[in-house]
Amino acid sequence: MSNDWKPTHHSEFAMKENSEYMREQHQEILLGKEEGLDVSLYSNPEYNWLQMEQIRMGIKDKIDVSIYADPSYSYETMKQIRLSIYSSKDLTDYLNRGFVDDELEQIRLALEEDLPIDTWLTDDMYVQQIYEIRIGLYEGLRVSVYADSKYNWMQMREIRLGLEKKLKVSFYTNCLFSHWQMKEIRLGLEAGLDVSSYAKLIFSGTDMKEKREKLLSEKTQTYMMADQLGIDVQSYRKKEFSIFVEDNGNKVYAFIQLISGNVVTEEDIYEALKTRGIINGIKRDAISDMVKKRRMNEKILIAEGIPAKAGKNGWYEFFVRLDLPRIPAPLPDGGVDYVNIEAFEMVDEGEKIAVYHPAQKGVDGKNVFGEVLHANKGIEKKPIKGKGFAIASDGVTYISKLNGKFEYLNGKIIISNMIIVREDVTAVTGKLEVDGSVYVIGSVYSGGYISATEDIIIEHNVEAARLIAGGNIMIKKGSCSKNECFIEAKGEVSGSFFEAAKIEADGNIMANYIMNSEINTMGKVIVSGSKGMLLGGKVCAVRGVDTYNLGNKSHIKTFLEVGKNTLYDKNQAVFAEKREQILDELWMLEERWNNILKSLPPDKEQAEKLIKKLNAAIVAKDHELASLDAEVSKLANLTDQDMQAVIVRGNAYEGSVIEINTIKYMLPSQVTRVVFKLRNNKVIMVKL
């Protein structure tokens, strides 16, 4: 999965360029966020919305979605793997054998019913064939007669239907018979005819039908004649029918065979039900209708139990909005509406945030045998974790502990301190330093200074000011100054426009146009919309640039430095220093471990407590080192030879200079819709 698509975990600024999301994909990501899920597991344009839905449902149900979160799997294949995980059935071997989609569904159903499907399954079988084998196994038939890929599924069906009715199917199991021919032989056997006269390959299906109907007519005339001669016809009548109990004893079906002289009464069916011990949910009208209307060769539901109804799962009722748009709306030209986005929700101290409604008991059912089916109680949800709130004495009500910004992220409630400034920030206002977030309803003018440990949101403009945030920075309208605007964020920076600004960010920098600015980011620079423009100045973006237009017709020099650039090297140096520090700390812990083992306290309980505590510290440091190495590796992979370093969706003009992994390229003339990437240590252009 491309890490370019991995959303940030910083609340309302988890924004991506809308044009790269289909509406349905966008909706799936919003649904995931509203449910507090880790949407980074499927926020990838390679997934269609149906695939995203399957991954989201798996995350919601707390299963390991990495087993099937692969864009190469269709959504139906993902669905079957997900369902198999619920029933603890492993489909891996079948996937490796090439089975997909509906084929996996039939295999899964067979495994869940403990049917020996593997005995008969071959790699060249397709879904309808597997279905016929599964149904045969479920009904206890001798599937060995037809479980062979030499039969197509329609031939398999004809043999299965014959086995169900206890016919002598050997008359038509020759695979050279078409399914039409097999059907005519089967119908003849059902009618009690001597099919040997026409069960031959030399006769077509049409020929067989004519011969069968002729034999049936002759047999009927003989039967009528016997009746006229006063022969006891009743002694020749048959009572051929079957009772099927399905759905774990919840449904009963009757099937009356279409055989000459087969006369089944309601009493016959009631007697069969009594013999089987079926006493509950009998559908007398259905039995009467079946007999009186002679509904032959038709599977009729004649009894149905009452299924147990599982209790309602526990759920949280929120009294604050969770549906704030995390991604700003698109504009008609494809740009992004940063102005009208609602960035956060505010709560007051003591305000009720949410109430948990416990799981409810289910309603017991009763099967057709009169046995009670015990209902499962609904599943309880775990208490919500987070900070800035308390749980009331009733154990279910969540209350804010402070006036602040409310966020619901990855299933956690985060209420943090937020200062709301209801006036413009200027040099006169003085330095504004906040442990938390800052929301300025006005603008920030010359001399303004804001430092926040979390997010900064500016409702209007920023001029010659300095903004420093431990989280994200959003300037809804934009920033314009004379190279005296300094913006620094540990997260993302976004706004309608940036002109003559100096910006440093660990995350992405997004706008509808950027002009004559100095940009440094470990993420991407994204400029949206058909009027979007990245013009002049210098952009240093480790993860690349995605813009509509680059430069302009006046050939103003625009310099892009992406990939393994100076900023990348600086970041790698920080990683290396941090790694050395962790290794030193690990070494000291190991030394202490060895020393403690040499002189353990005499008290066993105290000694065990000391060893456990030290071991936990060593394990934690190991994890910290592994996480750091993974981050370094991820960054290296993002900047490899195959990265699409610079994407231009409109025009790229002469005067633009692109440097990828220190390899420089100067654009000699105007080009349209191109991608600049590195190949064999050269910057090349490919059509978008």
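Visitor: How do α5 and α6 lie relative to each other, roughly parallel or roughly perpendicular?
Guide: The axes of helix α5 (residues 101-112) and helix α6 (residues 127-138) cross at roughly 15°. Angles under 35 degrees count as roughly parallel, so α5 and α6 are roughly parallel to each other. Keep in mind that this is a predicted model.

Visitor: Okay, and within what distance do the axes of α5 and α6 come?
Guide: They come within 8 Å. The crossing of α5 and α6 is left-handed.

Visitor: Which residues make that contact?
Guide: On α5 you have D102, E103, Q106, I107, L109 and A110. On the α6 side there are V127, I130, Y131 and R134. Sorted by kind, the residues of this contact are six nonpolar, one polar and three charged.

Visitor: Now α1 and α2. At what angle do their axes cross?
Guide: Helix α1 (residues 23-34) and helix α2 (residues 49-60) have axes that cross at roughly 15° and come within 8 Å. α1 and α2 are therefore roughly parallel to each other. Their crossing is left-handed.

Visitor: Who's touching whom there?
Guide: α1 brings E24, Q25, E28, I29, L31 and G32, while α2 brings W49, M52, E53 and R56. In the contact of α1 with α2, four residues are nonpolar, two polar and four charged.

Visitor: What do the side chains of E28 and R56 meet in?
Guide: A salt bridge, with 2.6 Å from N to O. E28 sits in helix α1 and R56 in helix α2, 28 residues apart, so to speak a link between distant parts of the chain. In general, side chains of opposite charge can pair when their charged atoms come close.

Visitor: How many salt bridges does the count come to?
Guide: The count comes to 27 salt bridges.

Visitor: Switching to sheets. In what order do β1, β2 and β3 sit?
Guide: The order is β1-β2-β3, three strands in an open sheet with antiparallel pairing. β1 (241-246) and β3 (300-304) are at the edges with a single partner strand each, so one side of each has no neighbour in the sheet. From one strand to the next, the twist averages 25°.

Visitor: And how many bridges join β2 to β3?
Guide: Four bridges join strand β2 (residues 251-256) to β3, and the two run antiparallel. If you want a spot to look at, A254 stands opposite I300 in β3.

Visitor: Which strands does helix α10 lie across?
Guide: Helix α10 (residues 266-276) lies across β1, β2 and β3. Its direction is at about 40° to β1.

Visitor: Last one: over how many bridges do β4 and β6 pair?
Guide: β4 and strand β6 (residues 352-357) pair over four bridges, in the antiparallel sense. Within that pairing, E317 stands opposite V355 in β6.

Terms used: Residues numbered from 1 in each chain as written. Predicted model: local features only at pLDDT ≥ 70, side-chain atom pairs only at ≥ 80, totals over all residues. Heavy atoms only, no water. Pairing = 2+ DSSP bridges. Axes fitted to C-alpha atoms, helices over the stretch in contact; angles between N-to-C directions. Parallel < 35°, antiparallel > 145°, perpendicular 65-115°, else oblique. Left-handed = near helix turned anticlockwise from the far one by under 90°. Contact = heavy atoms within 4.5 Å. Nonpolar A, V, L, I, M, F, W, Y, C, P; charged D, E, K, R; others polar. Salt bridge = Lys/Arg side-chain N within 4 Å of Asp/Glu carboxyl O.
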